[in-house]
Amino acid sequence: MDLVETEATDAPAQYTCPMHPEVVSDEPGSCPKCGMDLVESEPTAAPAQYSCPMHPEVVSDEPGSCPKCGMDLVETEASAAPAQYSCPMHPEVVSDQPGSCPKCGIDLVQTEATAAPAQYSCPMHPEVVSDQPGSCPKCGMDLVETEATAAPAQYTCPMHREVVSDQPGSCPKCGMDLVESEPTAAPVQYTCPMHPEVVSDEPGSCPKCGMDLVQAEANDDHAHHGHDHGGHDHALGPAQPGVDGVEPGFMSMVELTQGTPRSSDGLQMEWITASFGPFFPGLPGGLLLDFELDGDTVAQAHVASLVAPADLLENGPLSGVDFVESITRQMPLAPVSYRLLACLALEAAANLRPSDAIAQARNGALERERIASHLRWLSQLGRQLGLGRIAADASALHQQLRDADWRPVTALAPRLAALGERVARTPFLTRRLTGIGRLPADAPWHGPDDERHDAAGRLAARLADMSRSMELIQQAGAIAPPELTPIGEAAAAATKSATASVQTPRGAAELSVELDAGMVVSASLQTPSARHIDLVGPVTAQRELADALVAVASLDLNPWEITA
Amino acid sequence: MTTLILLIALGFGVYVVALLEEWSVSGKLRLAGPALAALRLLGSESVLARKPDRLFFESAPVILLIAALLSLTIIPLAPGLIATDLATGALFFNAALAYVLVALIMAGWGPDGAYAMIGGWRFLGQLIAYAMLVVMPITAVAMRAESLSTVQIVTSQQGLWNIVYQPIGFVLFAIAGMAMAFVPPFDLPTGAGDLAGGVEAEYTGVRRLVFRLGRMVLILSVASAATVFYLGGWLGPWLPGWAWSMIKILIVAALMLIGGPMLPRLREVTFLAWCWKLGIPLALVNIFLVGVLVLVVPL
């Protein structure tokens, strides 16, 4: 056949698969993906293309006008990189083929496959970045070419991770210098600590409760970091869709309080857990008292002691004297009573009997401590109720009386009587305390009490205790702190156990000891406060906060007596 | 000139009220006490709550001070010696005091703490109770004076002071005024014993100084109003008008402050019950009685 004239092509023939245009070969053959015969394709020297300078997705084989803006199309190089199509609304959606965006359905438009342009930055100041070579404006050094980072450097505040900036500077919240952070691979999400179902791409406020959104940890398992939800759970469903005429995201109080415990009086209020201890005016120091408050009503009380006594014999058997000293040290609020208790128990175990004079003096000391303890309690109650003068006078009297000898103590009798009178005649005090801290008649209460079984009754009983104690001191004729009668050798040889009981200012305390060759090998102590602490719950349940605090104060708990 | 005199009187009055308060609490009269306390608060460290609502936290003491100062503007110390002689002065007094509630609620909410919040709620729960007991006696007083202007109210007492003319109103107004200024035994919002300071607890340093100052001005304002409405203001023989005003105001303030430490703090429930069930009916009876007296007795 005669040779016919053909157009001389610049590039050699290439073969491509009709189904897979990315498969290109110099020789005919089969497509490795689908097995079809490769067909000859147009040489890759792409024909001239014309596109709009303003709208690069508008591409045409012929010169003309841009259908979008009317500008003349200009000739462009067919880009070396394969054409990419992306969604104008969702730039992360990228495809080799034209089509529809899977997220919103808009037609994909052709975009330039961007090759990162060269960037120049200062070696000393990496934040200085320029498209052109030149000098650093801060230090004057020559800018050197750097790899353009896929993501631009970000600066964040170490204290406030949600503050993110492209430029170095100061944190607008706290003023600290921003430090460069790794650009996060995954988009940062912000969530509300109280409502984990609220998730947002931007920092802001939670639409449900107004709290600042915090960065969600990758593995946040919704730990309740350091705050107490007061019992409610977070199994709330999503907010109801907006009602007509109401702004979207609006939640009624019913929805907002869904899942929270119900208030007993029907008025749903905010639940708080508040601590009233260990240093609260009017309450004994060292008492850990936490109230779960439903508004200002106590829903639940949690009480514990910060100063629970250690086991007396944890270091092994003690001699009698050491045992007495250690129990005295362990009970700073009622040292004389417990010292006496230990002495009586040990003497009973060793079959010793102190003389009557010593017994009288010991009783004098015990009664003096009873008065002192009640005066301290009265001072605390006065502080709690706002009776400043009475609190101050009781405290002053307590200081004078606590360690005084017999004669000064009896000299204070008129002042004590006068204080008792003043308290009894304080207007509205009895009315204030009536009905507060009422205990059922069969409750395990061993402290001062009268027929009313409430705080007013306990106040009257303690005032009566004080005047009776003063009479007993006057009868005793002497005051001496209890000292252990020396345990002689004969008694030391005996092994015996005994129990003694003393009426402490707060109730009866019992001590059982076992002596072995003069050493205390086992001891078991029962204190009134350890029995009374279980009454805190019933006495404060569903009471208003002030009433609950007065009720706890009226129990006169001694945190040193409360075992862990 | 008037302004200067009034400012001096305000400063003197606030200082004496602070003196009286310390005397009622501690039993000692220390003349330099308030000045030293102010200096101490100015110099002490300002400890802030961890995450306060900044706007409410910062503005609450200031609003308390402003509300108290506003309520003082209609108090006449002498004829012509008044900041502003409004025709509705007596009503303006109650309106200004309403902002005390706003200030205490903000002070309760702002620090984001349990004690302050409960203190704020307590005041909120009771405000209507004693706001009624402030405005109803004022109504009766205005009925006699046939005007709401405080100057007219004082001049209407030339024949007989209102404390004799309408004693029920005086008792109710005095008690409600003490409650409004949360003076013990009505100090529920700042219960020192059961709320560890309540709305005042989270304020330290300068902010506490402003809060305390606002409270002193409030006590002075309530005492001044009691004087103007019931004790004849500047009326009295021998001494000039302003001297009588000052003496009466300070006596009323002293009486209001003295009773505090001698009585236990009132229970919230008790106070509400008394105000609503006893106080308001008595106030209505007072208005009725005064109405009858005004029509029948030419005084």
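Chain B and chain A bury an area of about 2300 Å² between them, and carbon and sulfur atoms give 61% of that area. The model is a predicted one, and the contact takes 26 residues from chain B and 32 residues from chain A. Two salt bridges are found across the interface of chain B and chain A, while over all chains the count of salt bridges comes to 23.

**The side of chain B that touches chain A**

- Between chain B and chain A, seven residue pairs are in polar contact, both residues of a pair being at pLDDT 80 or more.
- Helix H1 (2-26), helix H5 (114-145) and helix H11 (268-296) of chain B each supply at least two residues of the side that touches chain A, and the largest share of that side, six residues, comes from H5(B).
- Sorted by kind, the residues on this side of chain B divide into 15 nonpolar, five polar and six charged.

**Salt bridges between the chains**

- Glu544(A) forms a salt bridge with Arg122(B), in which the closest N and O atoms are 3.3 Å apart.
- A network of salt bridges links Glu544(A) and Arg122(B) with Asp187(B), Asp194(B) and Arg265(B).
- The side chains of Arg267(B) and Asp547(A) also meet in a salt bridge, at 2.6 Å from N to O.
- Because Arg267(B) lies in the loop between helix H10 (241-258) and H11 of chain B, whereas Asp547(A) lies in helix H13 (residues 545-554) of chain A, this pair joins two chains.
- Arg267(B) is buried, and Asp547(A) is buried as well.

**Helix H13 of chain A**

- Ten of the ten residues of H13(A) are buried, and therefore this helix is largely enclosed by the rest of the structure.
- The buried residues of H13(A) include Asp547(A), along with Leu545(A), Leu549(A), Val550(A), Val552(A) and Ser554(A).
- H13(A) is followed by Asp556(A), a residue whose phi is positive, near 50°.

**Salt bridges within chain A**

- Glu347(A) and Arg362(A) meet through their side chains in a salt bridge, with a distance of 2.8 Å from N to O.
- Glu347(A) lies in helix H3 (residues 335-349) of chain A and Arg362(A) in helix H4 of chain A, so this pair ties together parts that are 15 residues apart in sequence.
- Both of these residues, Glu347(A) and Arg362(A), are buried.
- Asp393(A) forms a salt bridge with Arg422(A), and here the closest N and O atoms are 2.5 Å apart.
- Since Asp393(A) lies in helix H5 (residues 388-401) of chain A and Arg422(A) in helix H7 (residues 413-425) of chain A, the pair ties together parts that are 29 residues apart in sequence.
- Asp393(A) is partly exposed, with a relative accessible area of 32%, and Arg422(A) is likewise partly exposed, with a relative accessible area of 32%.

**Two buried histidines of chain A**

- His374(A) is found in helix H4 (residues 356-385) of chain A, and it counts as buried because its relative accessibility is 1%, where the cut-off for buried is under 20%.
- Not counting residues up to four places away in sequence, His374(A) touches Pro448(A), Arg462(A), Asp465(A), Met466(A) and Pro505(A).
- His532(A) lies in helix H11 (residues 528-532) of chain A, and this residue is buried, with a relative accessible area of 1%.
- Leaving aside neighbours within four places in sequence, His532(A) is in contact with Pro444(A), Trp445(A), His446(A), Gly447(A), Arg506(A), Leu555(A) and Leu557(A).

**A sheet in chain A**

- Three strands of chain A form an open sheet in the order E2-E1-E3, and their pairing is antiparallel.
- Strand E2 (24-25) and strand E3 (39-41) of chain A are the edge strands, each of which pairs on one side only.
- Strand E1 (residues 14-16) of chain A pairs with E3(A) in the antiparallel sense over three bridges, and the bridge partner of Thr16(A) in E3(A) is Val39(A).

Note on methods:
Residues are numbered from 1 along each chain as its sequence is written. Chains are lettered from A and ligands numbered from 1 in the order in which they are written. This is a predicted model: local features need pLDDT of at least 70, side-chain atom pairs count only at pLDDT 80 or more; totals for chains, interfaces and linings use all residues. Side-chain values use heavy atoms; hydrogens and water are left out. Two strands pair if DSSP finds at least two bridges between them. Helices (H or I, at least four residues) and strands (E, at least two) are DSSP runs, numbered from the N terminus. Contact means heavy atoms within 4.5 Å. Buried area is the accessible area (1.4 Å probe) that two parts lose on being put together, summed over both. A salt bridge is a side-chain nitrogen of Lys or Arg within 4 Å of a carboxyl oxygen of Asp or Glu. A polar contact is a pair of N or O atoms within 3.5 Å; within protein, one must be able to donate a hydrogen and the other to accept it, and residues adjacent in sequence count only if both atoms are side-chain atoms. Ala, Val, Leu, Ile, Met, Phe, Trp, Tyr, Cys and Pro count as nonpolar, Asp, Glu, Lys and Arg as charged, and the others, Gly among them, as polar. Buried means under 20% relative accessible area, exposed over 50%, partly exposed in between (1.4 Å probe, protein chains only).
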